[in-house]
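Work through the following exercises with the sequence and the coordinates at hand. Each task is followed by a worked solution.

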Amino acid sequence: MLHRLALTPLTRSITKSNSKMKFSTIALASLSTFASVNAFTAQPRATFAAPRSFSTTAIKASVDRLSDPNSELLDRTDVFIFDCDGVIWRGDSVIDGIPETLDKLRAAGKKMFFVTNNSTKSRAGYKKKFDSLGLDVPAEEIFSSSFAAAAYFEQTKFKESGKKVYIIGEVGICEELDMIDVPWIGGPNDNGKVPDMGPGGKLDHDEDVGAVVVGFDRNVNYWKIQTAQLCINENPGCQFIATNLDAVTHLTDAQEWAGNGSMVVAIKGCTGQEPIVVGKPGPLMIDYIVDKYSIERSRICMVGDRLDTDVLFGQNNGLQSVLVLSGVTSEEKLLSDENTINPDFYCDSIVDFFAKVPV
């Protein structure tokens, strides 16, 4: 059973200019009645920028290994934005030295946010994961692509359309949509379903679906794919939303697993439509953080393990960037002639932020 989470009212407004929407006045939700999770406090108003176009490549340049963390990074950074999978943890195991490093950053007065493309959990779910790993991270520092999807629907006033959302994904998206009272179908409720594909067989779809959201789904099946393509292809104006396009992910610490990009491509292939991407490297979450906290972009550093999402997220949004080798990207791939996306620096893990500088 899904838990219904309480939400403080969100102020909605949106303007359009040259086909680009400007999101404004969104507040973080207050969460309650969720086991072992402290309530989220209501957040001050802030602005969420609408999805806009972003590049997929960057100019090839040399990349330096982080050698003097103080002068190269800490002295010029006020805010660190960390990816989670491959940076803070791998699967359900925290990476060595992470708790101590986060404590040192807080002691140094650095502000931190944890931004993940993984949509399987809501912010409340991620708070529980941080707690289970012994990481003291306040709820308001956590941003997930499931939250970004809900914020997109909230700010585009989707609820006022009277339509539903069809979800390919797990409980995280469902819980975030529940918080803003946007009706949805699918998700875990369609796990294990098999359509009638015998003579004359068909799958009936809901004509009131106005958007399909594709997030990572460990129980994706043909029923879900067929339902999504029917909604997008046959329901006028039905939107195609992707939480992210990650090629692989860390379900366990033993190997890489196919990511949400594989599921998004399946829907793209049968509809011919390009999705609106609400997670990294898109701008939604960074625009929210910058506007809410009035932070100078040049003093923010994005830290991640992926070139095409984390590093590109930093480049596209005017941030510093550091690639860590504790996740999916190898040093060989980073430094190869084929790679065209380069961070400002790279290091083995964020533990190196406090490594001693050789004399």
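Predicted model: local features only at pLDDT ≥ 70, side-chain atom pairs only at ≥ 80, totals over all residues.

Residues are numbered from 1 along each chain as its sequence is written, and side-chain values use heavy atoms, with hydrogens and water left out.

**Exercise 1.** Describe the chain as a whole in terms of secondary structure, burial and contacts.

Step 1. Helices (DSSP runs of H or I, at least four residues) and strands (runs of E, at least two) are numbered from the N terminus. The chain has 10 helices and 18 strands.

Step 2. Buried means under 20% relative accessible area, exposed over 50%, and partly exposed in between, with a 1.4 Å probe and protein chains only. Of the 359 residues in the chain, 53% are buried.

Step 3. A contact requires heavy atoms within 4.5 Å. Of the contacts between residues at least 6 apart in sequence, 71% join residues at least 24 apart.

**Exercise 2.** Identify which peptide bond is cis, and locate P281.

Step 1. The cis bond joins K280 and P281, with omega at about 5°.

Step 2. P281 belongs to the loop between strand 15 (276–277) and helix 8 (284–293).

**Exercise 3.** Examine the phi angles and the accessibility of K157 and D181.

Step 1. K157, a residue other than glycine, has a positive phi near 55°. The loop that holds K157 runs between helix 4 (145–155) and strand 9 (164–168). K157 counts as partly exposed because its relative accessibility is 31%.

Step 2. D181 is not a glycine either, and its phi is positive, about 60°. D181 sits in the loop between helix 5 (171–179) and strand 10 (184–186). Its relative accessibility is 37%, so D181 counts as partly exposed.

**Exercise 4.** Is S119 buried or exposed, and which residues is S119 in contact with?

Step 1. S119 is in the loop between strand 7 (111–116) and helix 3 (123–132).

Step 2. S119 counts as buried because its relative accessibility is 0%.

Step 3. Neighbours within four places in sequence aside, the contacts of S119 are S145, S146, G172, I173, G215, F216 and T243.

**Exercise 5.** State which helix gives the most to the lining of the largest pocket.

Solution. Helix 9 (residues 307–316) gives the most, with three residues.
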